[in-house]
Amino acid sequence: MKLLQKDNVKLGLILGFLLPVIGVVFYYYWKIYPNTWGTFLKFLTVEKRLLSSLTVVSLLFNVGIFTLYLNTKREQTAKGIFAATLVYAILSLTIKFLA
């Protein structure tokens, strides 16, 4: 747990890229579960609306942890989380509108 109390950008990037993955798993079990992961991924490529809602749900995890680190005055870690969130958001928008 001491690792999570550090204040550095690298920790923020790790958290910022890992938590949305946990968010996707959460979304899968919340909305898609009786179907397989393969069906979920195939449906994701066909139905672009699902990508938007999936992005919002998965990035909510980042919003929560970002707020926690910001309120505890660990701005460097918050910067890393914010940077990872921007990468996910830009990637999601790019896939949605260009693919």
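Predicted model: local features only at pLDDT ≥ 70, side-chain atom pairs only at ≥ 80, totals over all residues.
**Exercise 1.** Decide whether Thr 85 is buried or exposed, and state which residues it touches.

*Solution.* Begin with the location: Thr 85 belongs to helix H4, which covers residues 75–98. Next, take its relative accessible area, which is 18%. The cut-off for buried is under 20%. Thr 85 is therefore buried. Then list the contacts, leaving out residues up to four places away in sequence: Thr 85 touches Leu 59 and Asn 62. Finally, look at the side chains: those of Thr 85 and Asn 62 are joined by a polar contact of 2.8 Å.

**Exercise 2.** Find the residues of the largest nonpolar core and the element that gives the largest share of this core.

*Solution.* The core has nine residues: Tyr 27, Tyr 28, Ile 32, Phe 40, Leu 44, Leu 50, Leu 51, Leu 54 and Val 57. Two or more residues each come from H1, H2 and helix H3 (48–71). H3 supplies the largest share, four residues.

**Exercise 3.** Identify the residues of the nonpolar surface patch and the helix that gives the most to the patch.

*Solution.* The patch consists of Val 21, Val 25, Tyr 29, Tyr 33, Trp 37 and Leu 41, and its area is about 580 Å². Helix H1 (9–32) and helix H2 (37–46) each give two or more residues. H1 gives the most, with three residues. Tyr 29 lies in helix H1.

**Exercise 4.** List the contacts of Tyr 28, leaving aside neighbours within four places in sequence.

*Solution.* Tyr 28 is in contact with Tyr 33, Asn 35, Thr 36, Trp 37 and Phe 40.

Notes:
Residues numbered from 1 in each chain as written. Heavy atoms only, no water. Patch = residues over 30% accessible without salt bridge, like charges linked within 9 Å, V, L, I, M, F, W, Y side chains within 5 Å. Areas by Shrake-Rupley, 256 points an atom, 1.4 Å probe, with all protein chains shown as cover. Salt bridge = Lys/Arg side-chain N within 4 Å of Asp/Glu carboxyl O. Buried < 20%, exposed > 50% of the residue type's maximum accessible area, 1.4 Å probe, protein only. Polar contact = N/O pair within 3.5 Å; in protein donor to acceptor, adjacent residues only side chain to side chain. Contact = heavy atoms within 4.5 Å. Core = buried A, V, L, I, M, F, W, Y, C linked by side-chain atoms within 4.5 Å.
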